[in-house]
Amino acid sequence: MLTNARLVYQPRDHERCVNAALAQASALCADRGVRMTAVRETVLKLLWQSHKPLSAYQLKDQLSEISGKSVAPPTVYRALEFLLDQGFVHRIPSLNAFVGCPFPNSEHSNIFLICDQCHRVGEIADRQINQLFEQRSNKINFKLRTKIIELFGLCPNCTNRNKDE
């Protein structure tokens, strides 16, 4: 049973979605006693505005454009490291890119649905899948550290668009 899902291909208020993600990250930083710097916030905002995975270099280029001056790669990597550590973003290994996390204050599956056509990424969290991972890992005495599953296919929008053609 699917317990929580965020699919970028479903209709919703984009600006509200971005603002909610930033507000949630800010509140979690305050609760955790860590600092959300301007660069970290801008990187997070860029990821949420995109809805497509962005590489560190794409983020660097966008930050440089926003600031009007060259931004060094380590600046972006430090911001991404912080955002990853706090659970505000995920790295999509096969794409070597990053997306915003809709569930930053919870343990979840990290199951990504990546559209081959529009490249948008949906994330689902499923309690039963988490339990299955834990059970199978424990059965062989494997200490599970992280779980990432990447599923590739067509999102509903692209599937419908292909039917119409």
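Predicted model: local features only at pLDDT ≥ 70, side-chain atom pairs only at ≥ 80, totals over all residues.
## Basis

Numbering runs from 1 along each chain as its sequence is written. Local features need pLDDT of at least 70, side-chain atom pairs count only at pLDDT 80 or more, and totals for chains, interfaces and linings use all residues, while side-chain values use heavy atoms, with hydrogens and water left out.

## The largest pocket

The largest pocket holds about 350 Å³ of space. A pocket is an open set of points on a 1 Å grid over the protein atoms alone, with protein on both sides within 12 Å along at least five of seven lines. Lining residues have an atom within 4 Å of a point. Grid points are joined across faces, edges and corners, and a volume is the space filled by probe spheres set on the points.

The lining has 19 residues, and the closest to the pocket's centre are His90, His108, Asn110, Thr146 and Lys147. Strand β2 (residues 89–92) gives the most to this lining, with three residues. Strands (E, at least two residues) and helices (H or I, at least four) are DSSP runs, numbered from the N terminus. By class, the lining has eight nonpolar, seven polar and four charged residues. Here Ala, Val, Leu, Ile, Met, Phe, Trp, Tyr, Cys and Pro count as nonpolar, Asp, Glu, Lys and Arg as charged, and the others, Gly among them, as polar.

## His90

His90 sits in strand β2. His90 counts as buried because its relative accessibility is 9%; buried means under 20% relative accessible area, exposed over 50%, and partly exposed in between (1.4 Å probe, protein chains only). Contact means heavy atoms within 4.5 Å. Not counting residues up to four places away in sequence, His90 touches Leu84, Ala97, Phe98, Val99, Cys101, His108, Asn110, Phe112 and Glu123.

## Cavities

The count comes to two cavities of 30 Å³ or more. A cavity is a set of grid points where a 1.4 Å probe fits but cannot get out. The second largest cavity has a volume of about 50 Å³.

Its lining consists of Ala21, Gln24, Ala25, Leu44, Trp48, Phe88, Cys101 and Pro104. The largest share, three residues, comes from α1. Seven lining residues are nonpolar, one is polar and none is charged.

## Helices α2 and α4

Helix α2 (residues 38–50) packs against helix α4 (residues 73–85) at an angle of about 75°, with axes 9 Å apart. Axes are lines fitted to C-alpha atoms, for helices over the stretch in contact, and angles run from 0 to 180 degrees between N-to-C directions. The two helices are therefore roughly perpendicular, a term for angles of 65 to 115 degrees.

From α2, Val39, Arg40, Val43, Leu44 and Leu47 meet Thr75, Ala79, Leu80, Phe82 and Leu83 in α4. The contact has eight nonpolar residues, one polar and one charged.

## Ile66

Ile66 belongs to helix α3 (residues 56–67). With a relative accessible area of 55%, Ile66 is exposed. Ile66 touches Thr42 and Leu46, not counting residues up to four places away in sequence. Ile66 and Thr42 are 24 residues apart in sequence and 9.4 Å apart in space, C-alpha to C-alpha.

## Two positive phi angles

His119 has a positive phi of about 70°, although it is not a glycine. His119 lies in the loop between β4 (111–115) and β5 (121–125). His119 is partly exposed, at 45% relative accessible area.

Asn141, also not a glycine, has a positive phi of about 60°. The loop between α5 (127–139) and β6 (149–153) holds Asn141. Asn141 counts as exposed because its relative accessibility is 73%.

Technical notes: Parallel < 35°, antiparallel > 145°, perpendicular 65-115°, else oblique.
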